[in-house]
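Colleague: I am new to this structure and would like to learn how to read its features. Could you walk me through some of them?

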Amino acid sequence: MTLMYKQYWKTIKPMNKKNELNLIKGGRSFYITLIACLIVFLGAVTALITAFNQLMMQHDEKLSGEICNLVSEKMSNSILFMTDSAKNVSSVLSAQDFETPEEIYEKLRECENKNFVSIGFIDENGELYASSTEKEEFEKWSLLDTAKLADPVSISFPYRSTRFGQPVITLFTGFEYGEARHGYMFMTYLFSTLQDAAETETLLNDIEIWLMDAKSANIIQCTGYDVHASGSWANAYLAMQNINQENKEDYDEWYGKMLNGEPSAAVSYSIDEIYYSQSYSSIEYMPGWHVVVRIPGKALSATMKTFRNYVIIFLFVLLAVMIILISILYISGKRDNYILGQLSINDPLTGVLNRRAFDLAAEKMIGSTKGAAMIFFDIDYFKQVNDNFGHDIGDKLLITFSDILKKNFSDLGLVSRYGGDEFVVLAEMSSADVITERLKQALDEVHGIRLEDYKKDGKDETENDGETKDFKISFSAGAAKYPRDASTLSDLQKCADIAVYTVKERGRNAYLWYSPTFYKSN
C-alpha cells in the first residue's frame, strides 16, 4: 500500500465516515465546482474589462475627433475673419487714387488696430514697404514667396517675430493700385489670436492642441498642460520617438492619411504607461496645415473608468456573496449528504462498509498496493444465537464483532459486513505474521464476548439466561494473499472463501491461510 493509504488508514476513526465516502466517491465535487465558478467569474471580469477598454478607446477617439473638428472650425473662422478684413481694407484702398506707393503705405499705417499688429505693402516690383525689422523678418522667413501665392489670399506658417517676441502669422492679399498696377498687402497677426480660438474648457489643461505642417511634420503648440510651452516649436518625428512599439504602425498610418490630404483621422497610442487619443483636422484657409488634438486617456475616460471600477467592485461583492451562499448550502447539505452517504456505503447496523462500497474501495486499494490480505469471517453458529436468544441479542453481537474487527484491522485497510454474519477485511500486508497476530488477537477478544452482558438492562431477561452464559462465541476466518494467491479482487475473494470453508470443515473456531492444496481436499 502506498504512503497515502498508510497515512489515511492510520488516522481513520470508527465514526469518521467522511474519508470512506471520499474513497468511494472522490469527495472533490465542491472544490471543483468552486474553482469552476471562480474561473468563469474571472473570465467574465476579463471580458468585461476588455469590452470597457475597447469602448473607452472608441469613446476617446470619437471625442478627440469632435474636439479637433470644433477647434479646426474655430480656427478656420478666425482665419476667415482675418481674410475678410484684409479683403475689405484692400477694396477700400484700391478705390482711392494714390500717386505713389509711399502714400499707400502711409494710409495703411493709419489702419493699424488691435486685430492685427502690423500692416504693409509690396509693390509690383517686389519692393517692400514696411519697418526695417519687418523687412529683416520677410527676408529671414522668405515671406515674399508666400505673398506670391495669394490667390486671392495666402497665409504664412507661424514664425517667431523679433519685433513682438512671440509667434505671429502674416496674411497676404492681392492689391490693385494706380493705373492697374498689381501688388500685395499684408497684415501680421499674433499667433495667440489662433491660440485663443483653439482654447477650450472641455478638459481644462489636459487637452493639447497643436498646429502641424504635414510636409515637414513641424508642430507648434497652441495650448496644453504646460502653459509655458505655448507657442513653442517641435517636430512630430522627434516627439513620437517614445511611442510604444506596438502602436507605431497605427501612428504611421495616421500620419500617412495627413500626407495624402485626407481631411481628418484619429489614432490611439501609448507612451510608456500613458494612453493617448489623437486626431487631426485640416484648416480650410491654411493649406498643408492641420489642427492636432491630443488628449490623455485618463482625462477622457475618468468617468467611464470610475463606472467600470464600480461595476468590478459590485461583481466581486456578488462573487463573495455567491461563495458564501454556496458554502452555506454546501455545509447545510453536507449533513444530509452524510446520512445519505452512510446509507450508500455503510452497513446501517454495524457502521462498517457495506458489500457494494467495499468492492469499489477494494478495487482502488488493490490497484495501489504491493501486498494485501483478504480475510473472510463467519461468526460460528450465529443462527443459533438468533433462534435461541432473539434477533436483538444477535444484532448486539454483530455490532460487538464489527467493533473488534475495526479495532484490529481498520488501521490496515477496509472492514465490511458482507451480509448476515459474514464480514470481510482487506488489509495492507507487509508481513503475514502481522495479519496472523491480528487474527489471533481478534479471536481472543471474540472469545471474551458474553451474551449475558447484553441483558443486564433487565429488558431482555428470559428463561434462557443460563444458556447465554454457556454459549461461547467464536469465528471462522480464511485469508488469502495478494498478489501471491491471486492477482485480481474476484480471484482473491474466491481464495479467501475456500480458506474459510476449509476452516468450517475442520471444526470452526480458527483461521487459515489459503493454500492451493485446499482445492484437492475440497
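Modeller: Gladly! Let us begin with a strand pair: strand 14 and strand 15 (residues 422-428) pair in the antiparallel sense over six bridges. Strands here are DSSP runs of E of at least two residues, helices are runs of H or I of at least four, and both are numbered from the N terminus. Two strands pair if DSSP finds at least two bridges between them. This is a predicted model, where local features need pLDDT of at least 70 and side-chain atom pairs count only at pLDDT 80 or more, while totals for chains, interfaces and linings use all residues. Residues are numbered from 1 along each chain as its sequence is written, and side-chain values use heavy atoms, leaving out hydrogens and water.

Colleague: Which residue is the bridge partner of Ser416 in strand 15?

Modeller: In general, strands of a sheet pair through backbone hydrogen bonds, either parallel or antiparallel. Here, the partner of Ser416 is Val424.

Colleague: What order do the strands of the open sheet have?

Modeller: Its five strands follow the order 14-15-13-16-17, with mixed pairing. At the edges are strand 14 (413-419) and strand 17 (510-513), each pairing on one side only.

Colleague: And how do I read two packed helices?

Modeller: Two packed helices are described by the angle between their axes and the distance between the axes. Axes are lines fitted to C-alpha atoms, for helices over the stretch in contact, and angles run from 0 to 180 degrees between N-to-C directions. Helix 12 and helix 17 (residues 489-505) pack at an angle of about 110 degrees, with their axes 10 Å apart. The two helices are therefore roughly perpendicular to each other (65 to 115 degrees; under 35 is roughly parallel, over 145 roughly antiparallel, the rest oblique).

Colleague: Which residues of helix 12 and helix 17 make the contact?

Modeller: Phe358, Asp359, Ala362, Glu363 and Ile366 of helix 12 meet Leu489, Leu492 and Gln493 of helix 17, where contact means heavy atoms within 4.5 Å.

Colleague: How are aromatic pairs described?

Modeller: By the distance of the centres and the angle of the planes. Rings of Phe, Tyr and Trp (its six-membered ring) pair if their centres lie within 6.5 Å; planes under 30 degrees apart are stacked, over 60 edge-to-face and the rest tilted. Phe121 and Phe175 form an edge-to-face pair, 5.4 Å centre to centre with 85 degrees between the planes. Phe121 lies in strand 1 (residues 118-122) and Phe175 in strand 5 (residues 167-177), so the pair ties together parts that are 54 residues apart in sequence.
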